[in-house]
Amino acid sequence: MKQFSYVRASSPEDAVQRAIAHQESQFIAGGTNLVDRLKAFLDNPSELIDVSRLGLKEIETMPDGSIRIGAMVSNTAVANHHQIREHYPLLSRAILSGASQQIRNVATVGGNLLQRTRCPYYYDTAFACNKRQPESGCAARHGINRMHAILGASEKCIAVHPSDMCVALAALDAVVEVQGANGQRQIPFTEFHRLPGNTPQWDSNLEPGALITAVILPPNPAAKTGIYLKLRDRTSYAFALVSVAAMVAVEGDAIHHARLALGGVAHKPWRSLETESFLEGKTAASETFEQAAEIALQQAQPLSHNHFKVSMAQRAIKRAFTISAQGGSTA
Amino acid sequence: MLDSTLEDQSPTPARNSPIQGETEVTLTINDESYTVNIEPRVTLLDVLRERLGLTGSKKGCDHGQCGACTVLIDGERVYSCLSLAIMQEGKTIVTIEGLGSEEELHPLQAAFLENDGLQCGYCTPGQICASAALLEEVKQGSASAITPDLTSLPDLETLSEAEIKERLSGNLCRCGAYNGIVAAVQQVSGQAAPSPAANILVEEPEQ
């Protein structure tokens with residue numbers, strides 16, 4: 001780690017003011033990803049602004065029935081909150097399938113959104129990486145790329161977003177509440193993260209110095225049947241090869257309110273609106289879900305080592321929708 | 001280093017002005033108060049081992065992947081290698097040194113010995129701290145990724161072997177003493193003592 005100065009912010013406004021005044025600074029909350037990156041010299045801030053003592057640790061039900069989760073709530077606390085378990089079980093399952101208990105106890109909701117890719121070529125400073133050093137090249141594109149993106153990648157970057165929680169949040173139409181220099185604003189979850197394009201150094205559309213203060217879950221009766229299915233190289237404590245957050249509500253035989261987001265396949269949690277509109281009004285049957293899975297992967301561009309991800313994702317989507325249509329539970 | 005008992009502990013400093021270089025940091029570890037001069041970039045694990053001689057917590061990967069550095073902070077298990085020491089001011093830290101003593105072992109320490117839950121022992125302090133937290137989490141109704149029903153959680157008596165493995169997946173054992181580790185947790189959970197690992201290996205599988 002390089003040397004840095006350390007200060008505790010006294011309020012969200014104070015944190016943002018300090019970050020804007022001191023552009024080489026970074027926020028730290030749980031630090032489970034940032035401290036690791038500091039050790040690897042991937043981030044070299046001149047100052048760390050500790051935002052872990054600002055409060056923002058409440059999970060509240062709002063008058064409109066939505067649930068507001070403070071940015072500093074631990075991943076563990078979200079997963080075990082009774083209302084999240086009951087009304088948004090796929091969010092609990094997504095969180096619990098990520099990392100280990102030690103990480104989830106410390107990692108915050110805001111930090112989970114801002115964790116960076118675990119692409120090994122990003123982590124190893126001996127390799128070229130456009131995300132780490134713009135315009136230096138991408139060693140992953142022709143390297144060992146079995147973990148990498150099959151959707152929405154660019155010539156500049158094929159990294160994937162590592163979060164499980166964010167995949168569920170994308171499917172749940174969550175909203176990110178942000179404190180910036182000009183006050184608060186809300187960002188729809190699917191617009192929070194970005195695709196790499198020519199500027200893979202930017203993971204999100206958060207402006208410099210802005211602080212995430214909360215994530216809001218809109219009310220959603222269909223979320224009770226939601227599924228999170230994660231497939232990986234070992235049973236536990238591994239990043240997803242492919243993950244699926246999916247839900248359908250079925251009335252009679254007809255589907256309404258289909259939602260689908262994929263993890264482990266793109267630079268951001270990959271929401272498939274085409275699949276959702278295809279499913280609307282269709283019969284909840286095996287062939288329907290098979291077609292839906294094909295539509296979701298139509299644009300896939302697998303790399304030399306990860307053709308397997310396409311069929312793996314299709315099978316996972318079919319399974320997740322099938323179980324959701326039967327009322328949900330574990331996948 | 002060791003300055004006082006907890007009664008005369010001073011309040012946590014506000015740290016509202018940036019700190020450059022070394023500063024005095026007071027930490028509460030195993031019911032005792034310690035003050036060290038450290039830079040903000042020093043991890044809790046390095047303070048424990050290099051400054052305070054509390055070498056029970058181990059440095060394995062130093063990247064939050066192996067679990068050998070696991071300690072309890074405010075009762076929750078945490079990787080001390082990914083924790084900056086200065087951020088732990090005012091919190092209650094328990095390391096393996098605080099869980100039992102040579103005269104009176106913690107029930108998990110005794111169970112690890114009785115069930116061969118170790119070979120070389122390097123991961124053991126982290127395994128035991130993680131297991132101690134696991135028991136509390138189950139008592140408090142914490143779920144795991146494989147808990148079948150999120151609205152009806154297992155208690156210690158009904159916690160399955162698969163659940164124990166899932167809940168301990170943040171701790172690696174290079175010697176592969178996992179069977180013994182799971183057996184130790186089962187024993188302290190009040191479950192029937194599992195068969196010794198050696199018997200399992202020679203018995204015919206049940207059809």
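Is A:D14 buried or exposed? At 14% relative accessibility, A:D14 counts as buried, where buried means under 20% relative accessible area, exposed means over 50%, and partly exposed lies in between (1.4 Å probe, protein chains only). This is a predicted model, in which local features need pLDDT of at least 70, side-chain atom pairs count only at pLDDT 80 or more, and totals for chains, interfaces and linings use all residues. Residues are numbered from 1 along each chain as its sequence is written, chains are lettered from A and ligands numbered from 1 in the order in which they are written, and side-chain values use heavy atoms, with hydrogens and water left out.

**Where the two chains meet**

- Chain B and chain A bury about 3,600 Å² between them, with 51% of that on carbon and sulfur atoms; buried area is the accessible area (1.4 Å probe) that two parts lose on being put together, summed over both.
- Of the area that chain B buries against chain A, 20% is supplied by B:R41, B:M87 and B:L150, more than by any other three residues.
- On the chain B side 47 residues take part in the contact, and on the chain A side 41 residues do; contact means heavy atoms within 4.5 Å.
- The count of salt bridges between chain B and chain A is two, a salt bridge being a side-chain nitrogen of Lys or Arg within 4 Å of a carboxyl oxygen of Asp or Glu.
- A:K39 and B:D62 join their side chains in a salt bridge, at 2.9 Å from N to O.
- A network of salt bridges links A:R8, A:D50, B:R15 and B:E89.

**Salt bridges within a chain**

- Over all chains, the count comes to 27 salt bridges.
- A:D14, the residue we opened with, forms a salt bridge with A:R18, and their closest N and O atoms are 3.2 Å apart.
- Because A:D14 and A:R18 are four residues apart in helix α1 (residues 12-21) of chain A, about one helical turn separates them; helices (H or I, at least four residues) and strands (E, at least two) are DSSP runs, numbered from the N terminus.
- A:D233 pairs with A:R146 in a salt bridge whose closest N and O atoms are 2.9 Å apart.
- A:D233 sits in the loop between β9 (227-231) and β10 (242-251) of chain A, and A:R146 in the loop between α8 (120-123) and α9 (165-171) of chain A, so this pair ties together parts that are 87 residues apart in sequence.
- A:R146 is partly exposed, at a relative accessible area of 29%.
- In chain B, B:K139 forms a salt bridge with B:E136, with 3.3 Å between the closest N and O atoms.
- Helix α3 (residues 124-139) of chain B holds both B:K139 and B:E136, three residues apart, about one turn of the helix.
- B:K139 is exposed, with a relative accessible area of 56%, whereas B:E136 counts as partly exposed at 35%.

**Backbone angles worth a look**

- Most residues other than glycine have a negative phi.
- A:A99 has a positive phi, near 55°, and lies in the loop between α5 (89-96) and α6 (101-106) of chain A.
- With 27% relative accessibility, A:A99 counts as partly exposed.
- B:D62 counts as buried, at 18% relative accessibility.

**Domains and a helix of chain A**

- The domain assignment of chain A gives domain 1 (5-53) and domain 2 (224-325), with bounds that come from an automatic or database domain assignment.
- Taken over C-alpha atoms, the centres of domain 1 and domain 2 of chain A are 36 Å apart.
- A:I323 belongs to helix α12 (residues 308-325) of chain A and is buried, with a relative accessible area of 14%.
- Leaving aside neighbours within four places in sequence, A:I323 is in contact with A:I227, A:G328, A:T330 and A:A331.
- From A:I323 to A:G263 there are 60 residues in sequence and 18 Å in space, C-alpha to C-alpha.
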